[in-house]
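Here's a quick briefing for anyone meeting this structure for the first time. Have a look at the sequence and the model, then read on.

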2 protein chains.
Amino acid sequence: MKALTLCLALILAPPAFADATATGDLGLVIERATGSLVLIDRSDHAALGRIEGLGDLSHASLTYSPDERFAYVFGRDGGLTKVDLLTRSIAARVVQAGNSIGGAISDDGRLVAVSNYEPGGIRVFDADTLAPVADIPTQGKTVGLVDVPGRRFAWAVWETGEVFLGDFSAPTPKITPLGIAGANPFDAVLTDDAHTYLVGLFGEKGVAAFDLWDETAPPRHFLTDYGKTGTDMPVYKMPHLQSWAFTEGQYALPAVGRHEVLWVDRQNQAQTASTPVHGQPVFIIAQPASPFVWVNFATPLNDVVQVIDSRSHAVVATLTPGKAILHMEFAPRGAEVWISARDDDKVLVYDTHRREKIAEVPAAAPSGIFFTARAHQPGL
Amino acid sequence: MKALTLCLALILAPPAFADATATGDLGLVIERATGSLVLIDRSDHAALGRIEGLGDLSHASLTYSPDERFAYVFGRDGGLTKVDLLTRSIAARVVQAGNSIGGAISDDGRLVAVSNYEPGGIRVFDADTLAPVADIPTQGKTVGLVDVPGRRFAWAVWETGEVFLGDFSAPTPKITPLGIAGANPFDAVLTDDAHTYLVGLFGEKGVAAFDLWDETAPPRHFLTDYGKTGTDMPVYKMPHLQSWAFTEGQYALPAVGRHEVLWVDRQNQAQTASTPVHGQPVFIIAQPASPFVWVNFATPLNDVVQVIDSRSHAVVATLTPGKAILHMEFAPRGAEVWISARDDDKVLVYDTHRREKIAEVPAAAPSGIFFTARAHQPGL
């Protein structure tokens, strides 16, 4: 009877993990050297646990299910791993290609697509089971894969410059070629309204803009000064276009190979300004609900973060948070930014209003930081 | 021993409610007549349960904690109720005024502010405990309360036309008057970048725009044709400005008392178009990641929803989902819209791409629908 009483007490008591099971303020940090993830709690500035066995995460990203329970982790080794944030364990894992470079989840959360370098193409999986749903070959490496409303995805091909829109809303996928972006697209990004698919080029100067609301419209090219500079300026790290910041009616773009952030008018694609910065920009990310963008830089100048005001285009702060700053992730309403300092084995939490460090969370060689709020954003 | 075995089985088994505790795709529907809420699961198109005892919800709204666990419900009777989505119960409740009209949560999730008609002013509470933190009197009814980054709130006063910005980041609140919006502000809204606070006027024509990134800038007035029409056009229902849609570089505004949606250029505040519609608009809401806005209407024409393309400003669809359509809430990435049909005692789920009904969820006299994704959006 005593056992039963204890039993009832245990059963009727609030579950011990109840505090952790609301998933709105959780996140994952990629530990790039050890193939593991750290589960973090944004409100508590805390690491809740580690999930291991995810393979090669040396250039990894992830996306979330609409309920913010599952993460889909895209590893460099072609591994696609479904991670359960509630149980803090791997729910499913497939090695679906030899070399992959990111992925996306459909707007309804039903399909996960992976962008492959080797053998190329994109592969689409059932988000519940990771069972294969579609295999779309391409004539080269796919880059810039994004989700598009209506259970669709868009992507570009490095070797051919082609851009495609794939519609997976019916049992048979419908793949529509949208035209040629130019020579060697290296990444792409979707604007926050899912209107424009912007493709950065490495083999020629310029950015190509595709109107996803009018598939018959030809791509427009702009910023034709933009892109690869001469061989005297080696590109230490390809910038990420997923980081392109949209603020004050502008795009803030990383100049490839140059110590510069470029500003482009969103309506007419004219360059409006350029900002000299500390190094070659890698990520340029808008601080939500503010005029500011934050920038980190390629090695060897990667110990600095700069903040730029999008109205004046002036650098308003230069921070030295730590060694080898690889990524930044904002709290969705902008009050904090979490910064990964790989060589310090720490994630640093900054108050964005005072621009001061308020907490540190340990992580082994951290790179990407991903809050669950991404589940609700198109194109991420 | 048998009891102990059963006990261990119960304790060690995966908790039965684990599926429901990821909170990213949950929501609450206000049952206006019965002072209750229905907890809904967006992915499953399901009602999970009912929470009762919230007082007068005849004109209620709510906001969410950053972890998407708690809702703060603002009732018409001055009741502020904290609801726990995990336990599906009331966590705390205070009746803090005689008559209130909405509220907001600070960007860091620490403070909840309530906008009061009787006795006026705003009151600020600790989000954990609902203990009072600050009481800011005004010379009249407060309207248009919104959260502003940096643990701040903005509001307007109906009787005096004053607009205030309150900073609650230090122990002593700092209240800054921003100027006079005009005669009888009836509601206000913050742009998605938290840059501009737009105040709609009832006592004169026009909208006042306050630059929250420059507190010294005087308010600008625009759309001076806008506002109350002659007495020959009674206003059946005050439109909600929180619904103002921002799309394609424009604001889509409800014309007060007229069967019209007005379009204003976001950069220069010039009116660019007007769209004749079925009735007096109440909510105009942008379908995320699309060119479309959806509009519902004041009684007696409230059985219709229209869809307008923000590029052409043309009505592209007219739907008759049910009787007394009071509110619409989009899935955060836009794949679905949930529509409350008060007099059908149902919430209707529409696929936004086919614009067809795909599910129904029962609810008693439903009004506002609120998905937890709102936790991550400034100004809501």
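This is a predicted model: local features need pLDDT of at least 70, side-chain atom pairs count only at pLDDT 80 or more; totals for chains, interfaces and linings use all residues.

B:Pro300 sits in the loop between strand E25 (292-297) and strand E26 (305-309) of chain B, where helices (H or I, at least four residues) and strands (E, at least two) are DSSP runs numbered from the N terminus. Residues are numbered from 1 along each chain as its sequence is written, chains are lettered from A and ligands numbered from 1 in the order in which they are written, and side-chain values use heavy atoms, with hydrogens and water left out.

- Most residues other than glycine have a negative phi, and most peptide bonds are trans.
- The bond from B:Glu118 to B:Pro119 is cis, with omega near 20°, and B:Pro119 is in the loop between strand E9 (111-118) and strand E10 (122-126) of chain B.
- A:Arg151 has a positive phi, near 50°, and its place is the loop between strand E12 (142-148) and strand E13 (152-157) of chain A.

**Where the chains meet**

- On chain B, 47 residues are in contact (heavy atoms within 4.5 Å) with 47 residues of chain A.
- About 4,000 Å² is buried between the two chains, and carbon and sulfur atoms give 57% of that; buried area is the accessible area (1.4 Å probe) that two parts lose on being put together, summed over both.
- On the chain B side, B:Trp213, B:Arg333 and B:His376 lose the most area to chain A, together 21% of what that side buries.
- The rule finds 16 residue pairs in polar contact across the interface, both residues at pLDDT 80 or more; such a contact is a pair of N or O atoms within 3.5 Å, where within protein one must be able to donate a hydrogen and the other to accept it, and residues adjacent in sequence count only if both atoms are side-chain atoms.

**Salt bridges**

- Over all chains there are 38 salt bridges, each a side-chain nitrogen of Lys or Arg within 4 Å of a carboxyl oxygen of Asp or Glu.
- Two salt bridges run between chain B and chain A.
- B:Asp147 and A:Arg333 meet in a salt bridge, at 2.9 Å from N to O.
- Within chain A, A:Lys323 pairs with A:Asp344, their closest N and O atoms being 3.9 Å apart.
- A:Lys323 is in the loop between strands E27 (315-319) and E28 (325-330) of chain A and A:Asp344 in the loop between strands E29 (336-341) and E30 (346-351), so the pair ties together parts 21 residues apart in sequence.

- On a 1 Å grid over the protein atoms alone, a cavity is a set of points where a 1.4 Å probe fits but cannot get out, and a pocket is an open set with protein on both sides within 12 Å along at least five of seven lines; lining residues have an atom within 4 Å of a point.
- The count is one cavity of 30 Å³ or more, and the largest cavity holds about 40 Å³, a volume being the space filled by probe spheres set on the points, with grid points joined across faces, edges and corners.
- Residues lining the largest cavity include A:Pro66, A:His376, B:Arg42 and B:Arg333.
- The second largest pocket has a volume of about 930 Å³.
- Of the 36 residues lining that pocket, A:Pro66, A:Asp108, A:Gly109, A:Arg110 and B:Ser43 are the closest to its centre.
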